[in-house]
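Try each task before you read its solution.

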Amino acid sequence: MSVDSEPGGVSLPVSGILIAVISSFINGSTFVLQKKGIMRSRDRGVSYLTDVVWWGGTLSMIVGQIGNFLAYNMAPAVIVTPLGALGVLFGAVLSSWILREHLNLLGKLGCVLCCCGSVVLIIHAPKVEAVTSRLELEDRLSDPVFVLYALLVVVLLAILIVWVAPTHGSSNIMVYVAICSLLGSFTVPSSKGLGLVAPDVFGGGPQSSRVLVLFLVLLGTLAVSILIQFFYINKALESFSSNVFEAVYYVTFTSTVIVASALLFREWTALTLTDSLAMLCGLTTVCVGVVLLRISQDALITWKKKTD
């Protein structure tokens, strides 16, 4: 589904945007429910794998990932990913209600900025996909710049998982955040790539071994990336606030996904200079809103006037 957003007939991917928004709200409940399950199981002295609330959060994550997969194949990644800020907003509200994590005036202002920034992103997002076929995808995947970027990400992930996480992960939130965010460089391109390759695999026509191999590689990359993210998200929630993790995770995840999408799909090439500046301002507004949500956890806001 799409609607004309300009006199020239350029359409806005309404269905993709709607699915992205719904998925963001579902994903926003994931960390809160999993954190609540971890807290409940810790109080009872049992594993969180036996807690029904934790499994509810896990189910939300699965549904949210399915929604993200659909959204990424119906709208450009540069608009779907930033809309995840709505999940941060919803997660902050749920955290204040379920986890009793305080949401003060600064946090509420951050929620407003997330909404405003998301609206700007929707209005000025690319209206067309830069890659629309499997052949174009294969050509982009073999691009030396993207290959070099992917190899760099793999090396960084290996260093973080093997050496840094075991010693500093429980004391520095950025370790787990960096691992999960860097994996976004593979999850989002794999999701969009599967949507482009699937018609050739399941379309009923003649298939080549090359197409099937590409499909299996993308599927395997997506599955491994999601499983590793799932593991380290839960390790982060065992040690840190769900609000803090989700806010910081959103900013870094969005940044890595946009970089990976720009290198692989080059969706930014479909934007005018005005739209590019508006998208940058919208993304900045969203990130500021997320940071305010993070700061609000430790800030004390008072309207009382100081007296001598």
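**Exercise 1. Sort the lining of the second largest pocket by residue class, then find its volume and where the lining comes from.**

Step 1: the lining splits into eleven nonpolar, four polar and no charged residues. Here Ala, Val, Leu, Ile, Met, Phe, Trp, Tyr, Cys and Pro count as nonpolar, Asp, Glu, Lys and Arg as charged, and the others, Gly among them, as polar.

Step 2: the volume comes out at about 240 Å³. A pocket is an open set of points on a 1 Å grid over the protein atoms alone, where a 1.4 Å probe fits and protein lies on both sides within 12 Å along at least five of seven lines; lining residues have an atom within 4 Å of a point. Volume is the space filled by probe spheres set on the points, which are joined across faces, edges and corners.

Step 3: the lining has 15 residues, and L141, F146, S190, L218 and T221 lie nearest the centre. Helix 6 (134-141), helix 7 (144-168), helix 8 and helix 9 each give two or more residues to this lining. Helices (H or I, at least four residues) and strands (E, at least two) are DSSP runs, numbered from the N terminus.

Before you go on, a word on the source: this is a predicted model, so local features need pLDDT of at least 70 and side-chain atom pairs count only at pLDDT 80 or more, while totals for chains, interfaces and linings use all residues. Residues are numbered from 1 along each chain as its sequence is written, and side-chain values use heavy atoms, with hydrogens and water left out.

**Exercise 2. Describe the largest pocket: its volume, its lining and the helix that gives the largest share.**

Step 1: its volume is about 790 Å³.

Step 2: count the lining and you get 34 residues, with N27, M61, Q65, N68 and Y249 nearest the centre. Two or more residues each come from helix 1 (14-44), helix 2 (52-72), helix 4 (85-99), helix 8 (173-202), helix 9 (209-239) and helix 10 (242-264).

Step 3: helix 2 gives the largest share, eight residues.

Step 4: by class, this lining holds 19 nonpolar, 14 polar and one charged residues.

**Exercise 3. Work out how helix 2 packs on helix 9.**

Step 1: their axes are 13 Å apart, at an angle of about 145°. Axes are lines fitted to C-alpha atoms, for helices over the stretch in contact, and angles run from 0 to 180 degrees between N-to-C directions.

Step 2: the crossing is right-handed, that is, the near helix is turned clockwise from the far one by less than a right angle.

Step 3: on the helix 2 side you'll find W54, T58, M61 and Q65, meeting I226, F230, I233 and N234 of helix 9. Contact means heavy atoms within 4.5 Å. Five of these residues are nonpolar, three polar and none charged.

**Exercise 4. Do likewise for helix 1 and helix 4.**

Step 1: these axes come within 7 Å and cross at roughly 35°, and the crossing is right-handed.

Step 2: among the residues in contact are V21, S24, F25 and G28 of helix 1, and L86, G87, F90 and G91 of helix 4.

Step 3: the contact divides into ten nonpolar, six polar and two charged residues.

**Exercise 5. Is V286 buried or exposed, and what does V286 touch?**

Step 1: V286 counts as buried because its relative accessible area is 0% (buried is under 20%, exposed over 50%, partly exposed in between, with a 1.4 Å probe and protein chains only).

Step 2: leaving out residues up to four places away in sequence, V286 touches P82, A85, L113, C114, G117, S118, L121 and Y250. A85 sits 201 residues away along the chain, yet the C-alpha atoms of the pair are separated by 6.7 Å.

**Exercise 6. Which accessibility class does G84 fall in?**

Step 1: G84 is in the loop between helix 3 (77-80) and helix 4.

Step 2: its relative accessible area is 21%, so G84 is partly exposed.

Step 3: beyond four places in sequence, G84 touches S24 and Y250. Its C-alpha lies 8.2 Å from that of N27, 57 residues apart in sequence.
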